[in-house]
Structure formats: structure tokens, C-alpha cells
Amino acid sequence: MGCCDAPGLMPIEDALDKMLTPIKPIQSTLSLPLAEALGFVLAEDVLSPIFVPPFDNSAMDGYALRLADLENSKTLPLAGKSFAGQPFEGEWPVNTCIRIMTGAKIPHGCDAVIMQENTAVTDAGIEIQQESISLNNNIRATGNDIAQGDIVLQKGARLTPRDIPMIASLGISHVSVVRKPKVAFFSTGDELKKLGETLEDGQIYDSNRYGIKPLIEAFGCEAIDLGIIPDCPATLKETFNQAQQLADVVVTSGGVSVGEADYTKDILEELGQIGFWKLAIKPGKPFAFGQLDDAWFCGLPGNPVSAVLTMYVLVQPMLAKLAGHSEWKAPESIPAITQSAFKKGPGRTDYQRGIYRIENGQFVVETTGNQSSGAFRSMSLANCFVVIEKERGNVAVGETVQIQLFNSTLY
């Protein structure tokens, strides 16, 4: 048994429970112009002040009819026009029809619209060529989409590009939203260099912040990048204090393992409380969660894949609850048939990177190859996680595994 598979590691389900139980949603709210509200979480229900559509309107380009008029003749003279924004006005003579366009208001007395493809224009008028026309044919009734007073979006929904135009169609200019959680983050380690700088012996580029920031923003939070912090206890402590004054959550990358220069855990014990810091998950065992005086804390492993995985699996649901995003759901697990073998030892829940397809209506999955926690190309190639149970061992070709398709935050 390797060191990473030692007994006493906390199962991921218990870790999530310990993280989510104490979290209380942010209570601070804002009234934002609708155009600026994308990605925010609603602080109250959105109720429709109007009916949508606000009047009976035509679903087709065609002709507005009174069915009783067709009893005398199948050819009806044209009495006028009804266009969108320019409804028919005045008296509508019997035994006539009205030219109408899609979205235009239905004239009073009309009980059907016939599409123009089922008519012909003659010297005597419009010839109706459809044999049977039902009552309210091609008429969209007032409020058939949204009734006045309907709850169109509930408190706790995060506003998407699909929601904004729907709210706009109601004439609502401002919405009440929860303030976005603020997340301060930084990387730790003397070995890290900024992009564009020359690497010296034993150094690597800091890629983790470039994975953490877009995830924080995709989770609907405000990202505060504090850069690279060297392995210096005094500097780390100063940065922690700065971070907790700026943010609701402090996220670090690296420094939570058991190496001689891993100071983050020690400083967290000094400034706050550690909830846990060893998980039965692979990759990502050295993940720390706790509380500072003024902020929550999440310590991610230093390896790139581990950092992104733990952000996605553990930090994402925590931030969703903090933001009041009550409609957030964890990625769904789907059974899939393996088309390649997956190497695994019992002891930890394993999140391997995979590529899924659908063949003959069945999900199939294969590995991306190198599953090292430092090999980020495997994340770039993947479109799902292959979640292999804690006590399960190697998986052969043709066996069934559970996969989690990446949600929008990883695309």
C-alpha cells in the first residue's frame, strides 16, 4: 500500500458534507440593470407583470377569417391588413377576410387564421383552398406563454443567456440579485515562475492560477488574483490576512502537503481552524478546508490536474451554496462501457480523465492516456471524468463504469 492509499483518509462524500453544512448563503443583494445581471443569482422570484403575448396574435403569415363567412363562399374579398405593430382598425365587413402577418394582432371577431400557402389570390378575392379549418387555427392566445403574475424564474436561479431575453420580454428593466462571492486566490512555491520569464534549474511555470481563475468566474464568483507567493512563512501569513479582508473565500494552490516547505497548513492552524486536509480521492488527496477569522479557506494541491479537479468537485458546490444558487446540481453519473483499460488500486475514489462517445445509443469511454496529476494534457483532451469507486481495482475493457460529463464550467 502506497502513502497515498493510507487508511484514515476522509471519503469525498463526508468531505462535501463537512464543507456544505456550515456554509450560509450571502445575504447582501443588489438591484442591477438587466443587461448587467448575467451570471448573478436571483435574490427574489421574478413575477411577470404582463401577459405574454399581451394580445391574441397570428402564428402564421396568412388571412384572418370568421368561419361563419365560409358557409356562403370559399372566396372572400380582402377588407384590410393587420401587421405587427399596425393592427387592423375600423369595421370588418361580413364575408371578407383580412391579410395578417406573423405576430400581428388578431382582429376582433376573427376565429381562425389560414396560412397563405393554403390560399390563392383571384380577381374576386382570396380563395380558401383548405378543406377543414378548426376554431382558433393558427391563433396564439393572450398569455399562452406566460400569464400575468406567473413566477417565471425562482429565487436562487442563476441567470443565463436564455433567461435575460425572456425577462426583457416582460418589460422588466432591473432584477434583485445576490452579490457575487469574492474569491481571493494565489499560488505558493519558490519553484514557480511567471509566464514569459526564463526558467532556471528546478523551476516551472505557474499554470494553476490560469486554471483556477476561469473556474472561479465560471462558478459565478468574482476572482481576485494575488499572484505567486514564495515559501516564506511571514509573507504567506501577510497574504492570508490580506486575502481574508478582500474576499469571502481564500483559495491557495500548493503548500498543503507534508513537505518541509509546505507552510500553508501550519499558517492556517495559526490563523483559523482546519476542518480536514486528507481525502480519499485521486488525484487531490492533500486538499485542505477550513475557516479563517473573516473568510472560508480551500487549499488545493499543487499538481495542476489535482488543483482543477478539487476546484470542480469540491469547491464548486461550496461556492454555489455561498452564492445562494439553490438550483445548482452536481454532475450526473452515467453508465458507460470501457473501450480501454483503466489502471487503479483500491483505497481512493479515482477521477480519471476520459473521452466518451455514444455508439448505437450506448455511452462508451476510453482513457486519455497518462493519468498523472501533473500531466495536464490529459485534462485538455478529456470531455468527462471516469469515476471509479473507492474499493474498486483495475478496470478491464468491456466493463461498466460511471462517467460524469463535464458541465459548462469546464467548456
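A charge sits over a ring if NZ of Lys or CZ of Arg is within 6 Å of the ring centre and within 35 degrees of the ring normal. With that in mind, select R66 and W92: the charged end of R66 sits over the ring of W92, 3.9 Å from the ring centre. Now select R99 and Y63, where the charged end of R99 sits over the Y63 ring at 5.1 Å from its centre.

Before going on, please note that this is a predicted model, in which local features need pLDDT of at least 70 and side-chain atom pairs count only at pLDDT 80 or more, while totals for chains, interfaces and linings use all residues. Residues are numbered from 1 along each chain as its sequence is written, and side-chain values use heavy atoms, with hydrogens and water left out.

**Stop one: a sheet**

Switch to a cartoon view and colour residues 75-76, 119-122 and 125-128. Helices (H or I, at least four residues) and strands (E, at least two) are DSSP runs, numbered from the N terminus, and two strands pair if DSSP finds at least two bridges between them. Here 3 strands make an open, antiparallel sheet in the order β6-β11-β10. Because β6 (75-76) and β10 (119-122) stand at the edges with a single partner strand each, one side of each has no neighbour in the sheet. Strands of a sheet pair through backbone hydrogen bonds, either parallel or antiparallel. Follow β10 alongside β11 (residues 125-128): they pair in the antiparallel sense over 4 bridges. Click T119 and look across to I128 in β11, which stands opposite.

**Stop two: salt bridges**

A salt bridge is a side-chain nitrogen of Lys or Arg within 4 Å of a carboxyl oxygen of Asp or Glu. How many salt bridges does this rule give? The count comes to 11.

Select R209 and D206 to see one of them, with the closest N and O atoms 2.5 Å apart. For accessibility, buried means under 20% relative accessible area, exposed over 50%, and partly exposed in between (1.4 Å probe, protein chains only). R209 counts as buried at 10%, and D206 is buried at 2%.

D225 is partly exposed at 37% relative accessibility. Shared partners join D206, R209 and D225 into one network of salt bridges.

Then move to E399 and R392, another salt bridge, with the closest N and O atoms 2.8 Å apart. E399 is partly exposed, with a relative accessible area of 30%.

**Stop three: P317**

Contact means heavy atoms within 4.5 Å. Leaving aside neighbours within four places in sequence, P317 is in contact with L16, L20, Y312 and W328. Show M19 too: P317 and M19 are 298 residues apart in sequence, yet 9.0 Å apart in space, C-alpha to C-alpha.

**Stop four: aromatic rings**

Rings of Phe, Tyr and Trp (its six-membered ring) pair if their centres lie within 6.5 Å; planes under 30 degrees apart count as stacked, over 60 as edge-to-face and the rest as tilted. A search of the whole structure finds 8 aromatic pairs. Among them is the tilted pair of Y356 and F363, 5.7 Å centre to centre with 40° between the planes. Y356 is partly exposed, at 22% relative accessible area. To finish, select Y312, Y351, F385 and F406, which ring pairs link into a cluster.
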